[in-house]
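Please look at the structure that is now displayed.

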Amino acid sequence: MKHEWRKSEKHIYLPKSIPEIIDIQELKYLTISGEGNPNSDTFPEYIAALYSVSYAIKMNYKKAEKPESYQDYTVYPLEGVWDVTEEAKKQESYTFNKDDLVFQLMIRQPDFVTVDYFEQMLEMTKIKKPNPLLDTVKFETIKEGKSIQMLHLGSFENEPASFAIMEEFAENNGLNRLSKVHKEIYLSDPRKVTEDKLKTVLRFKVEEKK
């Protein structure tokens with residue numbers, strides 16, 4: 001039976017457009033890190049590297065030793081963890097600039113994926129779909145822990161309004177936002193939908209107030 005994340009993992013990937021508390025334990029990901037403006041010409045190459053390996057893992061098991069407990073599945077959505085450079089953080093009166101962004105993009109992988117299988121698929125991808133950034137793709141296990149999330153509808157530029165709602169929710173529930181670092185999960189393709197139709201899950205880590 002095919003695993004469909006939109007059906008079986010709604011609590012993680014399809015929240016409502018109001019804040020909620022979630023506790024996310026260890027999950028497996030392909031990750032790639034970089035810096036700079038996401039509107040640059042080079043940014044899509046990071047995404048292409050992740051997707052090429054992700055689809056190799058899904059489609060090419062017949063050309064490698066099939067992982068134990070393999071199950072067909074829908075490829076998970078692109079996610080991104082966003083921060084700014086250390087230099088930007090040191091500025092006393094900092095004005096946000098997209099060129100200062102630091103990112104870790106990721107695509108979740110099913111539990112059956114192992115380090116060995118990832119490495120086989122990575123090498124296969126390097127031959128079939130060469131991309132210099134493939135050398136920087138990693139296979140990691142990440143635990144987010146206690147977080148607040150909500151669905152943001154519309155432009156990425158309007159995300160601060162949603163974050164303000166989430167921070168107020170945190171305050172009302174006795175929680176502190178750990179940092180300005182946050183995660184975005186992209187449920188829409190900006191190339192295929194208008195800006196006002198974009199759906200993005202926003203999430204940040206929290207802790208109990210002391």
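At 30% relative accessibility, Glu167 counts as partly exposed, where buried means under 20% relative accessible area, exposed over 50%, and partly exposed in between (1.4 Å probe, protein chains only). This is a predicted model, in which local features need pLDDT of at least 70 and side-chain atom pairs count only at pLDDT 80 or more, while totals for chains, interfaces and linings use all residues. Residues are numbered from 1 along each chain as its sequence is written, and side-chain values use heavy atoms, with hydrogens and water left out.

Which residue does Glu167 meet in a salt bridge? The partner is Arg177, with the closest N and O atoms 2.7 Å apart; a salt bridge is a side-chain nitrogen of Lys or Arg within 4 Å of a carboxyl oxygen of Asp or Glu. Arg177 lies in strand S7 (residues 175-177) and Glu167 in helix H6 (residues 159-172), so the pair ties together parts that are 10 residues apart in sequence. Helices (H or I, at least four residues) and strands (E, at least two) are DSSP runs, numbered from the N terminus. Arg177, at 18% relative accessibility, counts as buried.

Helix H6 also holds Glu171, whose side chain meets that of Lys209 in a salt bridge (2.6 Å, N to O). Glu171 is partly exposed at 48%, and Lys209 is partly exposed at 33%. Elsewhere, salt bridges that share partners join Glu79, Glu144, Lys183 and Arg203 into one network. The whole structure contains 15 salt bridges.
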